[in-house]
Amino acid sequence: MNFPTKGGLNVEQHYKELYGSIEHLIAEAKNGNTTAQADLGVAYSEGVENFVAKDSEKAIGWLNTAQENGYNLPFILAKLGTPQHRRKAYEMYHKAAELGCTDSQLNLAEMYRCGVEGVVNEDLKEAFKWYKKPPMKVQLMLMQIWEESADLLQEQ
């Protein structure tokens, strides 16, 4: 999969510019570079065309290694998928959201919108509370995405 992120970043290009090759990334990860460990875990979790095939088992292994070595970003913990990791991700998102971090507010809203087994129940009222916190520009973008999604569903 060769996909750009919402910021327009081409993931394959990003990894190649940062590490050159999968072999170099693996070497960095094995040498204890926690960023490389997290990057390798994310690469394996998604699969990156012309770089690495998707492999959930390797992804969890490298993400867990990064987390154990102090790389505690909430999205990494959420990708690990255990109730303990999801709970920690929720706590970290909540703390950052309360401090005004827009990305964390949106991630927390999504956790409430969908519910996270063993962490939070689906709670649309709480989700909308967090959706309303980011700046108006972000809210308008989300409304546009929702409208486009609703249009696509109606067409099917």
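In this predicted model, helix α2 (residues 22–30) and helix α3 (residues 34–46) have axes that come within 8 Å and cross at roughly 130°. An angle over 145° would count as roughly antiparallel and 65 to 115° as roughly perpendicular; the two helices are therefore oblique to each other. The crossing of α2 past α3 is left-handed.

**Contact between α2 and α3**

- On the α2 side, the contact is made by Ile22, Leu25, Ile26, Glu28 and Ala29.
- On the α3 side, Ala36, Gln37, Asp39, Leu40 and Tyr44 take part.

**Buried side of α2**

- Ile22, Leu25 and Ala29 are the buried residues of α2.
- These residues cover an arc of only 60° around the axis, and therefore lie on the same side of α2.
- An α-helix has 3.6 residues a turn, so residues three or four places apart point the same way.
- The packing partners of the buried residues of α2 are α1 (11–19), α3 and α4 (56–68).

**Exposed face of α2**

- Glu23 and Lys30 are exposed residues carried by the face of α2 that is turned away from its buried side.

Conventions. Residues are numbered from 1 along each chain as its sequence is written. This is a predicted model: local features need pLDDT of at least 70, side-chain atom pairs count only at pLDDT 80 or more; totals for chains, interfaces and linings use all residues. Side-chain values use heavy atoms; hydrogens and water are left out. Axes are lines fitted to C-alpha atoms, for helices over the stretch in contact, and angles run from 0 to 180 degrees between N-to-C directions. Helices (H or I, at least four residues) and strands (E, at least two) are DSSP runs, numbered from the N terminus. Angles under 35 degrees count as roughly parallel, over 145 as roughly antiparallel, 65 to 115 as roughly perpendicular and the rest as oblique. A crossing is left-handed if the near helix is turned anticlockwise from the far one by less than a right angle, and right-handed if clockwise. Contact means heavy atoms within 4.5 Å. Buried means under 20% relative accessible area, exposed over 50%, partly exposed in between (1.4 Å probe, protein chains only). The arc is that of the directions from the helix axis to the C-beta atoms.
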